[in-house]
Amino acid sequence: MKNSDLAKTLIKQNEKLFLCPKCNKNIRVINGKSLVCKSKHCFDISKTGYINFLLNSVDTHYDKKLFESRNKVCKQGVFDQMITKITSLVDTYYLKDCKESSINILDVGCGEGSHLANTIEALKNKYTMNFRGLGIDIEKEAIKIASREYGDIIWCVADLAKIPFMSKQFDIVFNIFTPSNYSQFNRILKKDGILIKVIPNSNYLVELRNIFYDDTDKQKYSNEKVIKHFSDNLRIIEQDNILYTVELDRENLERIIQMTPLSWEVSSEKIQKALDMKIDSITIDLCFIVGTLR
Ligand SMILES: C[S@@+](CC[C@H](N)C(=O)[O-])C[C@H]1O[C@@H](n2cnc3c(N)ncnc32)[C@H](O)[C@@H]1O
């Protein structure tokens with residue numbers, strides 16, 4: 001089945017999950033091509049099968065090249081250990097004793113979609129439950145790639161401040177290297193649902209940070225405030241770290257530079273310096289926080 005047809009089928013099957021971000025009313029699929037709410041706000045399903053729920057256009061630093069590089073970096077396995085860790089957290093803190101036959105997983109700020117798709121793939125290898133994956137991101141270019149690459153997930157362009165889904169529908173929510181909105185997370189999680197947030201630790205991509213931010217206050221990064229904000233809003237049931245290095249050839253180094261917001265506002269001289277230094281491995285230093293409703 002073509003990705004767009006698969007998406008239309010999935011969207012129809014799950015139409016009860018959707019909420020109109022303009023008026024907060026229910027949405028129904030009409031003629032297999034559009035989602036229309038009771039106030040007649042209409043959101044079309046795109047040619048590749050995603051839905052655009054954005055109410056206003058946004059202007060950010062993120063672009064198509066960044067997401068394409070992120071997609072290639074994921075395919076090279078740079079984040080495989082992160083996926084293994086997320087999968088084991090889902091296993092320990094949700095699925096192990098779970099009696100549900102169907103599990104809704106939402107990735108908020110999913111980017112080009114690889115993390116959600118790879119995690120669901122890993123979960124399907126272990127469990128027989130039906131995993132329903134949904135991903136939202138504010139950037140259309142990211143969601144275009146996600147919908148092209150991973151047809152069995154529902155993809156939406158949407159703002160995490162106005163998540164277009166009904167309340168208390170999600171067993172598991174991911175929030176990976178992405179801003180948070182805890183009032184929305186509190187609204188959409190099921191009573192016993194979990195949120196898994198992944199944030200960089202101070203040595204994440206440290207080889208680049210040292211070159212780009214040499215002798216500035218950005219050379220050192222601390223995630224303390226992010227963790228405090230999480231604990232102010234959800235109950236932390238687990239916090240853990242992983243640290244590993246990945247070997248790189250020049251092509252992958254270029255992609256890592258292209259995929260990371262660390263490169264924004266860095267001079268082309270410094271980018272060239274990083275390339276010339278022939279960095280042959282890069283550090284992935286991550287913190288995982290698992291939370292539940294209070
Ligand atoms: C560093 S990227 C991480 C993307 C993806 N989670 C990954 O790890 O590859 C941050 C993502 O957050 C998204 N984002 C930023 N603000 C957002 C918002 N208000 N609503 C939804 N997504 C947002 C960006 O478009 C971007 O894709």
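Where is K40 found? K40 sits in the loop between β2 and β3. This is a predicted model, in which local features need pLDDT of at least 70, side-chain atom pairs count only at pLDDT 80 or more, and totals for chains, interfaces and linings use all residues. Residues are numbered from 1 along each chain as its sequence is written, and side-chain values use heavy atoms, with hydrogens and water left out. Helices (H or I, at least four residues) and strands (E, at least two) are DSSP runs, numbered from the N terminus.

- Eight strands form an open sheet with mixed pairing, in the order β4-β7-β6-β5-β8-β9-β11-β10.
- The edge strands are β4 and β10 (235-247); each has a single partner strand, so one side of each is left without a neighbour in the sheet.
- Two strands count as paired if DSSP finds at least two bridges between them.
- In general, strands of a sheet pair through backbone hydrogen bonds, either parallel or antiparallel.

**Strand pairs**

- Strand β4 (residues 51-52) runs parallel to β7, joined by two bridges. The bridge partner of I51 in β7 is C156.
- Strand β6 (residues 130-137) also runs parallel to β7, with four bridges. Here L134 stands opposite I154 of β7.
- Strand β5 (residues 102-108) is parallel to β6, and seven bridges join them. I105 faces G133 of β6 across this pair.
- Strand β8 (residues 170-176) pairs with β9 in the parallel sense over six bridges. F170 stands opposite L189 in β9.

**Burial**

- Buried means under 20% relative accessible area, exposed means over 50%, and partly exposed lies in between (1.4 Å probe, protein chains only).
- Accessible areas come from the Shrake-Rupley method with a 1.4 Å probe; for residues, only the protein chains shown count as cover.
- In strand β7 (residues 154-157), I154 and C156 point one way. W155 and V157 point the other way, and all four residues are buried.
- In strand β9 (residues 189-200), 10 of the 12 residues are buried, so this strand is largely enclosed by the rest of the structure.
- S69 lies in helix α2 (residues 64-75). Why does S69 count as buried? Because its relative accessibility is 5%.
- S69 and A7 are 62 residues apart in sequence and 25 Å apart in space, C-alpha to C-alpha.

**Positive phi in loops**

- Most residues other than glycine have a negative phi.
- N31 has a positive phi, near 55 degrees. N31 lies in the loop between β1 (27-30) and β2. N31 is exposed, with a relative accessible area of 68%.
- K40 has a positive phi too, near 70 degrees. K40 is exposed, at 69% relative accessible area.

**Positive surface patch**

- K16, K25, R28 and K38 form a positive surface patch.
- Patch residues have over 30% relative accessible area and no salt bridge; like charges are joined within 9 Å, and nonpolar side chains (Val, Leu, Ile, Met, Phe, Trp, Tyr) within 5 Å.
- A salt bridge is a side-chain nitrogen of Lys or Arg within 4 Å of a carboxyl oxygen of Asp or Glu.
- Lys and Arg count as positive, Asp and Glu as negative; His and the chain ends are not counted. Each charge is placed at NZ of Lys, CZ of Arg, CG of Asp or CD of Glu.
- K38 lies in the loop between β2 (34-37) and β3 (42-44). K38 counts as exposed because its relative accessibility is 64%.
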